[in-house]
Amino acid sequence: MSTETAQTTDVKQPSEALLSKRRKKFITDPLIDDNPITIQVLGICSALAVTTQMQPTLVMAISVIFVMVMANLTISLLRNTIPSRVRIIVQLAVVATLVTLVNEILKAFAFDMYKELSVFIGLIITNCIVMGRLEAFALGNKPYDSILDGFGSALGYSWIILAVAFFRELLGSGSVFGVPVYETISGLFGEEFSLATNGLMVSPVGAFIILGLIIWVQRTKTGYVEH
């Protein structure tokens, strides 16, 4: 009597590409279709407060990107060890630590920018975009996916505030990154061709106008309707 031994071989599933179609959506969706500012209407305060000039806005954008990526990574790594009842406290502690680190780096290497942005950098701790992605994504997903999600959301936030800052600085101060654009144009075409700045653009009202126009253009293009 012969016995047959059934041998089974495990078929190893191919690993997902680092930037697969699914993972690319973590970065591309927040840029337009699910933008945290224009669609989700989050992070509006900083979009209005720090966008009078391009330089501080760029520093703010880089700071938010760093905090969101590192916070998502940290919470994702700790997701299986964080008790549910204290998860918000843990998230706040992680974000506060990262924001403090950014604050100290600015204080050490860019003191003028630190004085200009210190209050608003601190407000990253309470930014709804940061806490929202930690709660909605990082707590339930793997570290790499969480990094991409944090980077995408921060990038969507960043390009909006940079766009607002560009128009506010150009129209309100006649410059971009401190370079006098209006003066340069007047120098090329003569003194009779002078461009006047609009003081409304350096006020919060100007920020509301620019941001409203961006939201209008984007929602018209994507066909998004608020329900």
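Which side chain makes a polar contact with the side chain of serine 20? The partner is the side chain of glutamate 16, at 2.5 Å (a polar contact is a pair of N or O atoms within 3.5 Å; within protein, one must be able to donate a hydrogen and the other to accept it, and residues adjacent in sequence count only if both atoms are side-chain atoms). This is a predicted model, where local features need pLDDT of at least 70 and side-chain atom pairs count only at pLDDT 80 or more, while totals for chains, interfaces and linings use all residues. Residues are numbered from 1 along each chain as its sequence is written, and side-chain values use heavy atoms, with hydrogens and water left out.

**Serine 20**
- Serine 20 sits in the segment before helix H1 (21-28) (helices are DSSP runs of H or I, at least four residues, numbered from the N terminus).
- With a relative accessible area of 12%, serine 20 is buried (under 20%; exposed is over 50% and partly exposed in between, with a 1.4 Å probe and protein chains only).

**Nonpolar cores**
- The largest nonpolar core has 42 residues, and Met60 and Val67 are among those with the most contacts inside it (a core is a set of buried Ala, Val, Leu, Ile, Met, Phe, Trp, Tyr and Cys residues joined through side-chain atoms within 4.5 Å).
- Helix H3 gives the most to this core, with 10 residues.
- A second, separate core of 5 residues includes Met54, Ala165, Leu170 and Val176.

**Valine 217**
- Valine 217 belongs to helix H9.
- Its relative accessible area is 49%, so valine 217 counts as partly exposed.

Notes:
Helices (H or I, at least four residues) and strands (E, at least two) are DSSP runs, numbered from the N terminus.
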